[in-house]
Amino acid sequence: MTLTLIDRTRRTDAAPRKDADAAPEKDAVDTGAAPEPETTPDAAPRRATGREADGLAVASFVLGLVGLLVFNILLGPMAIVMALLALARHTRRRGRAFLGLALGVADLAVLAALVTANGTVAWSIGG
């Protein structure tokens, strides 16, 4: 940190001359200047976001699939939200995200059908 501040001070201290006949030297090297980093700051977060989006796509698929059997009132909307987040973050697993979205909607359709048939949110497979 101190080296950077010293370098900036050296650059600002060496003010350019206002003489018209003084031309800058082409071979002059600024020894006090710090080299600029050539790394992009977004490279690491992009990979993490991509993995995160892929994980959201897989989680939405699994939650939608499990939601067809149990807790569809909770797992259906969770699958829909996770699938939409994965698609918004440009996941590489778009097919899985779309399946999670479809299964989430199917969970809510199954819930609506069971509520209509039984008249209650609670249902059992055995009858």
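The model is a predicted one, so local features need pLDDT of at least 70 and side-chain atom pairs pLDDT 80 or more, while totals for chains, interfaces and linings use all residues. Residues are numbered from 1 along each chain as its sequence is written, and side-chain values use heavy atoms, leaving out hydrogens and water.

The chain has four helices and zero strands, with helices taken as DSSP runs of H or I of at least four residues and strands as E runs of at least two, numbered from the N terminus. Buried residues make up 20% of the 127 residues; buried here means under 20% relative accessible area, exposed over 50%, and partly exposed in between (1.4 Å probe, protein chains only).

Helix α4 (residues 94-118) holds Asp-107.

On the surface, a nonpolar patch includes Val-62, Phe-71, Met-78 and Val-121. Such patches take residues with over 30% relative accessible area and no salt bridge, joining nonpolar side chains (Val, Leu, Ile, Met, Phe, Trp, Tyr) within 5 Å and like charges within 9 Å. Helix α3 gives the most to the patch, with three residues. Val-121 lies in the segment after α4 and is partly exposed, at 46% relative accessible area.

Conventions. Accessible areas come from the Shrake-Rupley method with a 1.4 Å probe; for residues, only the protein chains shown count as cover. A salt bridge is a side-chain nitrogen of Lys or Arg within 4 Å of a carboxyl oxygen of Asp or Glu.
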